[in-house]
Amino acid sequence: MANNNNELSPEKIEYLKKELLRQREETLKELKLVEASLRLITQSELAGENSYDEEFADSGTATFEREKDLSLYENLRDVLSRIEKALKRIDEGTYGKCARCGAPIPYERLKAIPYAELCIEDKKKEEGLR
Ligand SMILES: [Zn+2]
């Protein structure tokens, strides 16, 4: 075998691509649900602006739910864009390499997070900077 251990075989890339496509489906489904929920809350909030008999506690709950949905929405958008980028990298043939140092990302890491962009070392550095 001339293949380096760190090199991703076409079979492994194929597996990870399927994984990415499956996760994209799921993320899109969740996004639709959150979008629907956000729209409902926005509408009830808009309705609430014109009806002064609404309980104060109720509008507080709505705001809390909305903030939760908004941060979930942002997370999902973030994951979705990472998945899209990973799929693009597969097409370009740069998939599985660290975006910072170019080192191969271990297959085990990619199996856990197929849209990982950084090797573990660089990920740690990035988290350390935060
Ligand atoms: Zn790196």
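**Exercise 1. Determine how much accessible surface the protein has and which share of that surface belongs to carbon and sulfur atoms.**

Solution. The accessible surface of this predicted model comes to about 9300 Å², as computed by the Shrake-Rupley method with a 1.4 Å probe. Carbon and sulfur atoms hold 52% of that surface. The model is predicted, and local features need pLDDT of at least 70, side-chain atom pairs count only at pLDDT 80 or more, while totals for chains, interfaces and linings use all residues. Residues are numbered from 1 along each chain as its sequence is written, and side-chain values use heavy atoms, with hydrogens and water left out.

**Exercise 2. Describe the fold in terms of helices and strands, and state what share of the residues is buried.**

Solution. Begin with the elements, where helices (H or I, at least four residues) and strands (E, at least two) are DSSP runs, numbered from the N terminus. The protein has 4 helices and 0 strands, and along the sequence they give the pattern α-α-α-α. Next, of the 130 residues, 27% are buried, a word that stands for under 20% relative accessible area with a 1.4 Å probe, protein chains only.

**Exercise 3. Place Gln23 in the fold, and explain why Gln23 counts as buried.**

Solution. Gln23 belongs to helix α1, which covers residues 10–50. Gln23 counts as buried because its relative accessibility is 16%. Once its neighbours within four places in sequence are set aside, Gln23 has contacts (heavy atoms within 4.5 Å) with Ile83, Pro114 and Tyr115.

**Exercise 4. Characterise the lining of the largest pocket by its helices and by its residue classes.**

Solution. A pocket is found on a 1 Å grid over the protein atoms alone, as an open set of points where a 1.4 Å probe fits, with protein on both sides within 12 Å along at least five of seven lines, and its lining residues have an atom within 4 Å of a point. The largest pocket has a volume of about 190 Å³, the volume being the space filled by probe spheres set on the points, which are joined across faces, edges and corners. Among the lining residues are Asp78, Arg82, Tyr115 and Lys123. Both α2 (56–92) and α4 (120–129) supply at least two residues of this lining, and α2 gives the largest share, with 4 residues. By class, the lining has 5 nonpolar, no polar and 7 charged residues, where Ala, Val, Leu, Ile, Met, Phe, Trp, Tyr, Cys and Pro count as nonpolar, Asp, Glu, Lys and Arg as charged, and the others, Gly among them, as polar.

Terms used
Buried < 20%, exposed > 50% of the residue type's maximum accessible area, 1.4 Å probe, protein only.
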